Every structure is written in C-alpha cells, then in structure tokens.
Amino acid sequence: MKRGLLLSSLVSVMALCGIAFAAKHAIQSTGLQSLSDMPQPRAAHSASLLRDGRVLLAGGCHTNGCEEGISGDALLFDPRMKTFTSTGSLVQPRVGHRALRLRNDQVVLIGGWTADDASDVVEAYDPTSGRFVRQGKLLHARDGFSATPLADGNILVAGGYSGAMRRLASVEVYDPRTGKSHDAGAMSTPRMSHTATLLADGRVLIAGGSSARGILLDSIELFDPATGRFMPAGHLQKARHKHAALRVGNDVLLIGGAGVDEASQQYRDSERWSARDASTRPGPAMQDGRYKFLDAVVRLRDGRFLVAGSGRIPELLDSRAARFTSGDGSLGTDLSFTTATPLLDGSVLIAGGYGPDIHPSRSAWLYQP
C-alpha cells in the first residue's frame with residue numbers, strides 16, 4: 001500500500017515537472033529563434049508562402065553594395081525541417097522585383113532591376129516542377145513599382161522608374177492567365193517607392209513616394225478597377241517614401257519611411273487614412289525609425305502586426321490599442337530589404353536583408369508570437 005502511494009506521488013511530481021517544463025518551454029519558444037544560415041547572403045529578394053507551407057525565396061542581391069552580384073537563384077524553406085534548399089534558376093536574375101502567389105499556387109516574379117537596366121520580364125515558378133518559366137512581359141520596364149492583386153485575379157502594376165531613372169506615372173494591368181498586360185492609364189503624378197494597398201471594396205490606395213530625385217510626395221490617390229480610373233484621395237500629413245502600409249479595417253495605416261536625407265530622416269511616426277472621408281490623422285509611433293521595410297510587415301493570426309525590418313528589435317502593433325510595443329529578441333543589426341513571411345503554424349520567417357554597410361546577410365529567424 002505504501003509502495004503504491006509512493007509511486008502515485010512520484011507520478012504526480014513527474015507530471016507537475018512535465019507541466020512546468022512545458023510552460024517554461026512555451027515561454028522560451030516565443031520571440032525570435034535563430035535558424036541555420038541561408039546558403040548565400042540575400043537582400044531585396046522576394047519571399048512567397050506556397051500552399052504546402054514552404055517558402056520560396058527568389059532573386060535579390062548577394063554582394064556588398066547590392067549594385068552587382070544580382071542573384072538568379074532561388075531557395076525553398078521547409079518549416080518542418082527548418083532547412084533551406086536550392087530550387088531552380090530564374091529566367092532573369094533580378095533584385096527589387098515584386099512576387100505574388102497565384103490561385104494555381106504558382107508564383108509570378110515581375111519587373112525589378114537587372115545587371116543592366118530595369119526589367120519588363122515576367123516569369124513564374126511552378127512548385128510541382130521546381131522550374132521558372134517566362135510568363136510574358138510588361139508594357140514598361142519597371143523598378144521601384146507596386147504590384148497589387150485585384151479581386152478578379154489580375155495584378156495592378158503602377159509607377160516605378162525606368163532604366164533612365166525616370167519616374168513613371170503609367171499603370172498597367174497584368175493578366176497572369178494570358179501572360180499579357182494592358183494599359184490602365186496613368187496616376188496623377190509619376191511616383192516610385194510608394195505603397196499600394198488593396199481595400200476591402202476592391203479599390204487600391206496609392207500613397208507617397210518620390211516623383212523625381214529629391215522630390216517627395218504627400219499625395220494619395222485611389223484606383224477603381226470597376227471604372228479603370230484614378231481619383232484624388234487626400235494628402236499625407238508628411239511627404240514620405242520607402243514606407244510601409246497596413247490595412248486596418250476600412251482604413252490604411254502608413255508607417256515610417258524616410259525624407260530626402262535618408263541617413264538622418266528615418267521616420268518613427270505613422271498616419272491613418274480614413275476611407276470615410278479620405279482624411280489622414282496621426283497614428284501611433286514606432287520605437288525606431290524605419291524605411292526600406294515594405295516586405296517585412298505582416299499580419300499575425302491574432303490580428304496584430306509584426307514589423308521586422310530596418311531595426312534591431314521587431315515591433316508589434318495592436319491596431320485596437322493603437323500602440324507599438326517591442327517584440328522579444330534582437331536581429332543584431334538594422335536590416336533593410338529583409339522579408340517576413342507568415343507560416344501556416346502562425347510563426348513568421350524573417351530572412352536576409354542588408355545592414356548599414358549594405359552587406360547582404362545570410363541570417364534567418366523564426367518569430368513566434
């Protein structure tokens with residue numbers, strides 16, 4: 001009888017220890033977790049979640065300065081094994097392109113910068129074959145542009161600049177089913193390094209950017225796919241470029257970015273555009289000034305947003321409380337042009353980017369909310 005009681009007590013103690021260990025493990029599993037390095041350094045690349053949960057990381061630059069060494073390779077990240085493996089070669093090496101996953105699970109890569117010029121080439125990655133194939137071309141070669149998926153499956157491609165460093169006002173709609181693009185008019189002004197946000201009603205909000213070297217924009221405009229037209233939609237309270245945008249309900253929160261002197265004018269503030277009356281008002285401020293972080297801002301499962309680029313410490317935005325808070329862990333350095341990709345289990349893959357010395361990084365992390 002006493003032996004039975006001792007065994008029962010021992011089992012209970014072990015169970016309690018197990019619970020304590022699990023709780024401790026759960027606490028330790030939140031925040032940043034370093035992964036093994038990628039095979040090559042990479043910045044200004046694209047990262048796209050595939051249907052099976054893997055992530056395609058394509059293109060970018062891999063040498064110091066990011067002006068040469070433009071990448072023509074791609075990686076697949078497997079979240080189960082936490083490993084990176086090579087997959088296929090791009091039709092055209094490129095950096096600063098846009099990538100979107102289509103309904104058939106293929107990923108299209110659009111535009112960007114090549115070793116010589118802006119690109120008009122569109123190519124698609126097929127996860128089944130692991131190959132990239134040419135998928136048509138744009139009407140205009142573009143870098144620094146926006147590519148926004150529309151409700152009908154087409155993609156709105158707006159602005160950017162050409163090889164002559166000339167900002168573009170032109171807009172086109174690319175149809176991934178045919179590989180063809182058609183002219184969709186023009187914005188009210190040329191712009192690059194702007195944001196383009198799909199609204200709940202299917203329209204696209206385009207904000208900020210630059211219209212020429214040293215000239216930043218505070219103008220906002222709306223594209224309506226039903227009419228194919230742009231219309232004015234107010235002004236930012238501060239002209240900015242290389243910022244990021246989040247859709248919060250029917251509104252859009254525009255965060256960070258930079259002024260003309262990017263080294264000294266990296267913005268912490270945000271402003272909220274209201275769909276109700278096309279007005280903007282001040283929003284919450286981040287802990288750090290950030291720019292060049294468009295692809296490192298993602299929505300989490302619980303409705304918060306993770307801001308992971310252009311700063312050592314990730315930040316979390318609670319849009320209901322209208323407040324940014326510091327996340328757990330540190331990237332070790334300020335990384336611009338990094339990517340953050342939400343995974344199927346709710347965690348986020350953060351990969352690559354370059355630091356203040358413009359040296360691309362091989363580092364990667366998982367962020368556990």
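Biologist: What makes Gly69 a contact partner of Gly60, Cys61, His62 and Thr63?

Modeller: Contact means heavy atoms within 4.5 Å. In this predicted model, Gly69 meets that cut-off with Gly60, Cys61, His62 and Thr63, leaving aside neighbours within four places in sequence. Gly69 sits in the loop between β3 (55–58) and β4 (73–78).

Biologist: Why is Gly69 called partly exposed?

Modeller: Its relative accessibility is 23%. Buried means under 20% and exposed means over 50%. Gly69 falls in between, so it counts as partly exposed.

Biologist: How far is Gly69 from His359 in sequence and in space?

Modeller: They are 290 residues apart in sequence and 12 Å apart in space, C-alpha to C-alpha.

Biologist: Which residues have the most contacts inside the largest nonpolar core?

Modeller: Leu306, Ala340, Val348, Ile350 and Tyr367, in a core of 14 residues. β29 (348–351) and β30 (364–368) each supply at least two residues of this core. Ala340 touches residues including Val348, Leu349 and Ile350.

Biologist: What makes the phi of Lys242 worth a remark?

Modeller: Most residues other than glycine have a negative phi. Lys242 is not a glycine, yet its phi is positive, about 55°. Lys242 lies in the loop between β19 (229–235) and β20 (244–248).

Biologist: And which loop holds Ala278?

Modeller: The loop between β22 (270–273) and β23 (280–282). Ala278 also has a positive phi of about 55° without being a glycine.

Technical notes. Residues numbered from 1 in each chain as written. Predicted model: local features only at pLDDT ≥ 70, side-chain atom pairs only at ≥ 80, totals over all residues. Heavy atoms only, no water. Helix = DSSP H or I, 4+ residues; strand = E, 2+ residues; numbered from the N terminus. Buried < 20%, exposed > 50% of the residue type's maximum accessible area, 1.4 Å probe, protein only. Core = buried A, V, L, I, M, F, W, Y, C linked by side-chain atoms within 4.5 Å.
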